Amino acid sequence: MKILWGGATAASQYEGGFTLEKGLDTQDCRPYLPRTSNATEETRLLTREKIEEAKNEASKQYYPFRNGTKGFEHLEEDIEYFAELGLDLYRFSISWSRLFPKGIEEEPSQEGVAYYDKVFQLLAEKKIKIFLTLNHYAMPIYLVEQYGGWKGRECIDHFLHFAAFVFERWGHLVEYWLPFNEINAGYFSPYNGVGLLKGENGYQLSDVFQALHHQFVASAKTIQLARKMNLPGRFGSMIACFCYYPLTSKPEDNLKLVFEEQMNQWYCMDILSKGEYPYYAETFFKNKNIVLQITEEDRKLLKENTCDFVSISFYTSSVITVDEADKTAGNLVVSTKNPYLKASEWGWQIDPVGLRTSLHRVYERYGKPVIVSENGLGARDVLTANHQIHDDYRIEYMKSYYEQAQLAFEDGVPLEAFIAWGIVDIVSAGSCEMDKRYGVIYVDADNHGNGSYARYKKDSFYWYKEFIKNYKKENSNELLSV
Ligand code: BGP
């Protein structure tokens, strides 16, 4: 067995194609706001008023996800690039509201079906395996307004109807299924993760955990349905992995780390992988006076339909202390600064050794095959006059993380695949910026949607292509020598 190397996008951040048939979804309503101290907060936690403004055609706001990076128009060209890279695997998501504009229709939009037929057909022609995320942060805004997002139990069956169509139409073409992207994001970013609107007093924690429970049940029901249909692919769960360190050896720092890790990192994966609520969750709910509506049938579903593999996004590690200390940003969370690590322009601490550590921690805890479903460096790239991008900083980043991933694999962790996030530049999920680029393929667009959206290969494109070629060569020799 060897590691499969891939690249990823997410429908809302990549496709654009804001055509008449596609319904408005939660990401389409998030405006671009110039980066100030609370811009990310403002664009990630929307209120009813902000939704109304997004629905107002006279709004002067720019909504970056409606363009994405125009993957809808550049699909064939991009998949050519993926084939030229030699990708084993492409991770992408299906836009729920492109297939079912309001999320409640009996029949899907034929325009949406035709688009995804083309995606699957092009990938099959290039023999690129598929890792399919059913829901990556974007849900039809109608479900948010009608049922309050995932806190409404009705979303389970609407999601199942959407999944059933995807299974029937394309299920035979998918190797890896992921019902929900970074399912623990619902805890940190309730609008993105579970479609909750921010009220005057913020969020009710009980709403957040009830919404997450409905996603757990939806995940289990999709797995149950797929197994009944004998689909060939395997099902995964996914968390944003934070890799915590105590700032000091003070026992209280370490104890706080245990509690933070439980609820922030393991909670969702424990339920999806082990099939039951962990002891510490019951204690957490009791302390917070949260009473979840969980039926016996829910518990039976969760127990009987656990995931086949586990996957993590890994961008940065975090530091925990009971005392006050300098802070820095991170994926979904703010962390205490780690004096031993450099950070990206966006403050995300760079920790390739932390990835190796995390792969061990995840495998030790779940004992299932592991996939890194996201990793990449968000950085400001410069397009030169002759359309080159010298992103040696991204090559260094990729080299260091891929080395640690291979070390974890040699340590005995069954790492099945490593998927580079944002293989082509896409709109940032946290900050709605184009400036924060991840791709090895550059897209000529700015934060306001200006630009040709033409694609250019970055220096990292050539590096990744060579890396994959050499990795395959070394391993195929190994296989021959076995
Ligand atoms: C993860 C999301 C991805 C991606 C990534 C990078 O949380 O699953 O969609 O966006 O974060 O974060 P950002 O785009 O905010 O830089």
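The second largest pocket has a lining of 16 residues, and those nearest its centre are Lys151, Leu197, Lys198, Gly199 and Gly202. The model is a predicted one. This second largest pocket holds about 350 Å³ of space. Sorted by class, its lining has four nonpolar, six polar and six charged residues.

Next comes the largest pocket, with a volume of about 630 Å³. Its lining is made up of 32 residues, and the closest to the centre are Thr40, Arg44, Gly330, Trp348 and Gly430. Which helix gives the most to this lining? That is helix H2, residues 39–44, which contributes three residues. The classes in the lining of the largest pocket are twelve nonpolar, 13 polar and seven charged residues.

The largest pocket is also where the ligand sits. Around the ligand are 15 residues, and Gln13, Glu182, Gly430, Lys436 and Tyr438 are the closest of them. By class, the shell around the ligand consists of six nonpolar, six polar and three charged residues.

Some of these neighbours can be followed down to single atoms. In Gln13, an N or O atom of the side chain is 2.7 Å from an oxygen atom of the ligand. Lys436 likewise has a side-chain N or O atom 2.7 Å from a ligand oxygen atom. With Gly430 the atom belongs to the backbone: an N or O atom there lies 2.7 Å from an oxygen atom of the ligand. How much of the ligand does the protein bury? Taken alone, the ligand exposes 380 Å², and the protein buries 98% of that area.

The largest cavity contains about 100 Å³ of space. It is lined by 16 residues, with Ala11, Ser12, Asp25, Ser95 and Ala138 closest to its centre. Helix H1 (11–14) and helix H5 (96–99) each provide at least two residues of that lining. The lining of the largest cavity divides into five nonpolar, six polar and five charged residues.

Key:
Residues numbered from 1 in each chain as written. Predicted model: local features only at pLDDT ≥ 70, side-chain atom pairs only at ≥ 80, totals over all residues. Heavy atoms only, no water. Near = heavy atom within 4 Å. Polar contact = N/O pair within 3.5 Å; in protein donor to acceptor, adjacent residues only side chain to side chain. Areas by Shrake-Rupley, 256 points an atom, 1.4 Å probe, with all protein chains shown as cover. 1 Å grid on protein atoms, 1.4 Å probe; cavity = no way out; pocket = protein on both sides within 12 Å on 5 of 7 lines; lining within 4 Å. Sits in = over half its atoms within 2 Å of the grid points. Nonpolar A, V, L, I, M, F, W, Y, C, P; charged D, E, K, R; others polar. Points joined across faces, edges and corners; volume = space filled by probe spheres on them. Helix = DSSP H or I, 4+ residues; strand = E, 2+ residues; numbered from the N terminus.
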